[in-house]
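Here are a few notes to read alongside the model. Take them in any order you like.

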Amino acid sequence: MFRQPRHRGHPAAFASVGGLALSLSLIGVYFARSAPRVGRPVMVRGFSVGTANGATTGTTYLAGRGARFARRVGGGGSGVSPAQCMSTGNVGSTAVAREGVATPVVTHEAYDIVKVDELSEYGARTTLFKHKKTGAEVLSVEKDDENKVFGIVFRTPPTDSTGIPHILEHSVLCGSRKYKVKEPFTELMKSSLNTFLNAFTYPDRTCYPVASQNLKDFYNLVNVYLDAVFFPRAISDPQVLAQEGWHFELDNEEDPLTRKGVVLNEMKGVYSQPDNIMGKVEMESLFPDITYGVDSGGDPKVIPSLTFEQFKEFHADNYHPSNARVYFYGDDPVEERLNLLDSYLSEFSERKVDTTVKWQPLMDKPKTVKGAFPAKEGKYMASVNWVVHDEPMDSEEYLATSIISHLLMGNSAAV
């Protein structure tokens, strides 16, 4: 939407771990091909040039790429988002040559094989599985790369600005059924051999990626994340929502009650920046009828209206295997990947989950919207925005729109 990406965990992980960037590139291809064609806002230097289709389109303030929110421990660093790593590959035969020998495609009794592709320039095979019992889609990327990557993604479009997706992303990593410590994420940051450990909240989906070069450590990370997203302590303990979302505090008897919370405090900082306030006004005016018109990170004025019942319901509705996409990448055994994942998915049954983002109808005439931000008197900001389509664009149309936006507003030498 309009935030710079902030990544939790290793501040330069994407820049320093080539295997992770490559795996996310391959995953970007998969999501682009398989995602429902729904509207995605594209922001270019704060100017909206409309919507694009495909789940790999990020939505932040610069160039529409990157995670909206991500928790962070320790130092700064902007990193690079999964969407920024996206590229495409040639799809060829269904076997990959490993030292001159074509390896067979792995099958598993709990999964159907939907598609097998070879990305020849990467020397990688991608197999798209569908879990028989739940319908969860699993992309397995086989490549001789010791940096092993896992991720699970849920589509989580909010209907209001209470920040449920953002708060839930924080909360699920605060203990789970098997891992009962208060902050498993913090413990993993200190003790694991991870090369990447993070979580991202986008305006329409929430992502949980991990990576490690050590096989045992990698599967431990996968176990922690799967248990966290499916069986978090947060849905049975209101104190987690109070800690990560919002709660009242009273330091002294004579002082007034104040509201505090990890996400609430974070979003107060976000909303203190004029650029972010203007971006919020832009998105509300461009997409008033769909999820991109609300704030998935949370509006500080609205966050305190979130109840524990709403919080639990959102998790139950969205954090289900039928609403998930899972990916593995690296040189670990495919059979072990599928076995580990099935041990969690098999506890669920398939159900219908409709989290599709609808299209925003085009406006019939221009409109002017005004907003206010804290600043010295006499300071103003202006923005011109367009919604350019209300149906899927083909590749040529999308490329043309991107070129036009770059020529008009893409750099200091723009027209």
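1. A quick definition before we start: a patch here is made of residues with over 30% relative accessible area and no salt bridge, and nonpolar side chains such as Val, Leu, Ile, Met, Phe, Trp and Tyr are joined within 5 Å. Keep in mind that this is a predicted model.

2. With that in hand, look at Phe248, Leu250 and Leu257, which make a nonpolar surface patch of about 310 Å². Leu250 sits in the loop that runs between strand E12 (247-249) and strand E13 (258-260).

3. Is Leu250 buried, exposed or partly exposed? Its relative accessible area is 46%, so Leu250 counts as partly exposed; the cut-offs are under 20% for buried and over 50% for exposed.

4. Now for a charged spot. Asp390, Glu391, Asp394, Glu396 and Glu397 form a negative surface patch. One of these, Glu396, belongs to helix H11, which covers residues 395-409. Glu396 has 65% relative accessibility and therefore counts as exposed.

5. What about the outside? The chain exposes about 18600 Å², with carbon and sulfur atoms supplying 53% of that area.

6. Last, the contacts. Take those in the chain with a separation of 6 or more: residues 24 or more positions apart account for 73% of them.

Key: Residues numbered from 1 in each chain as written. Predicted model: local features only at pLDDT ≥ 70, side-chain atom pairs only at ≥ 80, totals over all residues. Heavy atoms only, no water. Patch = residues over 30% accessible without salt bridge, like charges linked within 9 Å, V, L, I, M, F, W, Y side chains within 5 Å. Areas by Shrake-Rupley, 256 points an atom, 1.4 Å probe, with all protein chains shown as cover. Salt bridge = Lys/Arg side-chain N within 4 Å of Asp/Glu carboxyl O. Lys, Arg positive; Asp, Glu negative; His and termini not counted. Charge placed at Lys NZ, Arg CZ, Asp CG, Glu CD. Helix = DSSP H or I, 4+ residues; strand = E, 2+ residues; numbered from the N terminus. Buried < 20%, exposed > 50% of the residue type's maximum accessible area, 1.4 Å probe, protein only. Contact = heavy atoms within 4.5 Å.
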